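Q: I have a structure open here and would like to go through it with you, a piece at a time. Could you keep to what can be read from the model itself?

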Amino acid sequence: MSSMTQAPLFLKPVFHEKIWGGRHLATDFGYQIPAGPIGECWAISGHPHGVSIVANGEFAGQNLATLYQSQPALFNYPQGDRFPLLTKILDANAKLSVQVHPGDEYARTHEGELGKTECWYVLKAQPNAYLIYGHQAKSRAELAELIDTGQWDQLLGKLPVKTGDFVYVPSGTIHALTEGIEVLETQQSSDVTYRLYDYDRKGPDGKLRELHLAPAKAVITVPFVAPQLHQTTQTVGASTVTTLVAPPTSPYFTVQKVVVNGELPQQMGSQAFVLASVIAGHGELVVAGQTYPLAKGQHFILPHPVTDWTFRGQLTLITSVPDKY
């Protein structure tokens, strides 16, 4: 194994225009984004709808999906046939459609995809911001009636959020971001969304956007029970590592918020590999004696051959590790 695999894989983001998007990915992160309402930055992705390209080192120019197949040692010899996680930044300049994602079995059978359990770290939220989260129906019959008669106020749950909040969204959960919210999203690598309600908006073609009521009704979890996260924080010198969600609550990923003040050494342990996104500050990453500058908006993978690393500076990162792949 070459010494160069003892190195992080920095990734080039992919941007997606969305009817609800804005321009904050440029103003807040300094990204060079296309014209129009840009709603999503696919920051670390092996999904065919937006694959990340490696920006550095011996694998520069290769896409993550191909690398996952061709260099299994980088990813601790995975069992799965596709890169398991997807990291995004979402800029909701308007409400997203009220939606739900399927679990693994339904998605595999009907869509040929993984299921989509996800979570959000709130990067920014305007005053009085809220999410659509969960529902009030006590039975599938009540759920269907409220959907079919458009009684959205009676059906939908609302969750107030502020900057720094964290929300776990298992598959089967009705949810939507609303205007004035930016999040970093960690999810299974899936792009299956079933729309329940879209505020009667018209798409670029002038037609009402498609809804997916039958599959949505089939996959919504009834009744809705908000998950308990049991978050913990470890203090290392002046730095902190907060576990936001982990198994068994989340079977697919462990997500941590890493706040670096000074110097923070870390180790891979039994983890497969680590996905990391810098959401604030400046500093550096030291791996195998090499130093890499870090700044807000950078995204990278620490592959399995990296056994230990050190963060230095004043940094905040969101990291994730796949727990089922």
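**Aromatic pairs, then the rest**

A: This is a predicted model, and the structure holds 14 aromatic pairs.

Q: Okay, how are Phe29 and Tyr31 arranged as a pair?

A: Phe29 and Tyr31 are stacked, with 5.6 Å centre to centre and 5° between the planes. Phe29 has a relative accessibility of 11% and therefore counts as buried, and Tyr31, at 10% relative accessibility, counts as buried too.

Q: And the rings of Tyr133 and Phe224, why is that pair edge-to-face?

A: The planes of Tyr133 and Phe224 stand at 80°, with the ring centres 5.3 Å apart, so the pair is edge-to-face; the cut-off for that label is an angle over 60 degrees.

Q: Which parts of the chain does the pair link?

A: Distant ones: Tyr133 sits in strand β8, while Phe224 belongs to the loop between α6 and β14, and the two are 91 residues apart.

Q: Are those two buried or exposed, starting with Tyr133 and then Phe224?

A: Tyr133 is buried, with a relative accessible area of 10%, whereas Phe224 is partly exposed, with a relative accessible area of 22%. The line between those two classes is drawn at 20%.

Q: Which residues form an aromatic cluster?

A: One aromatic cluster is formed by Tyr68, Phe75, Phe83 and Phe273.

Q: Switching to the backbone: where are the cis peptide bonds, say around Pro223 and Pro248?

A: The bond from Val222 to Pro223 is cis, with omega near -10°, and Pro223 is placed in the loop between α6 (213-219) and β14 (232-236). Another cis peptide bond joins Pro247 and Pro248, where omega is about 5°; Pro248 is in the loop between β15 (239-245) and β16 (253-267).

Q: What about phi at Tyr77 and at Asn128?

A: Tyr77 is not a glycine, yet has a positive phi of about 50°, and Asn128, also not a glycine, has a positive phi of about 65°.

Q: Where do they sit, Tyr77 and Asn128?

A: Tyr77 lies in the loop between α2 (64-70) and β5, and is exposed, with a relative accessible area of 53%. Asn128 lies in the loop between β7 and β8 (130-135), and at 75% relative accessibility Asn128 counts as exposed as well.

Q: Now something on the inside. Why does Leu25 count as buried?

A: Leu25 counts as buried because its relative accessibility is 1%, and buried means under 20%. This leucine is found in helix α1 (residues 24-27).

Q: What does Leu25 touch, leaving out residues up to four places away in sequence?

A: With those neighbours left out, Leu25 touches Phe15, Gly30, Tyr31, Ile33, Ile38, Gly39, Glu40, Cys41, Ile89 and Asp91. Tyr31, one of these, is also the partner of Phe29 in the stacked pair.

Q: How far is Leu25 from Gly297?

A: From C-alpha to C-alpha, Leu25 and Gly297 are 9.2 Å apart in space, although 272 residues apart in sequence.

Q: And Gln188, buried or exposed?

A: Gln188 is buried, with a relative accessible area of 3%, and has its place in strand β12 (residues 181-188).

Q: Which backbone nitrogens does its side chain reach, in Lys116 and in Thr117?

A: A polar atom of the Gln188 side chain lies 2.8 Å from the backbone nitrogen of Thr117, and the backbone nitrogen of Lys116 lies 3.5 Å from a polar atom of the Gln188 side chain.

A: About 350 Å³ of space lies in the largest pocket. The lining is made up of 21 residues, and those nearest the centre are Lys18, Trp20, Glu40, Gln99 and Thr193. Glu40 is also among the residues that Leu25 touches.

Q: How does the lining divide into nonpolar, polar and charged residues?

A: The lining of the largest pocket divides into 7 nonpolar, 5 polar and 9 charged residues.

Q: Which strands supply at least two residues each to that lining?

A: The strands that each supply at least two residues are β2 (14-22), β3 (38-44), β5 (85-92), β7 (118-125) and β11 (175-176).

Notes:
Residues numbered from 1 in each chain as written. Predicted model: local features only at pLDDT ≥ 70, side-chain atom pairs only at ≥ 80, totals over all residues. Heavy atoms only, no water. 1 Å grid on protein atoms, 1.4 Å probe; cavity = no way out; pocket = protein on both sides within 12 Å on 5 of 7 lines; lining within 4 Å. Points joined across faces, edges and corners; volume = space filled by probe spheres on them. Helix = DSSP H or I, 4+ residues; strand = E, 2+ residues; numbered from the N terminus. Nonpolar A, V, L, I, M, F, W, Y, C, P; charged D, E, K, R; others polar. Buried < 20%, exposed > 50% of the residue type's maximum accessible area, 1.4 Å probe, protein only. Contact = heavy atoms within 4.5 Å. Polar contact = N/O pair within 3.5 Å; in protein donor to acceptor, adjacent residues only side chain to side chain. Phe/Tyr/Trp six-rings, centres within 6.5 Å; stacked < 30°, edge-to-face > 60°.
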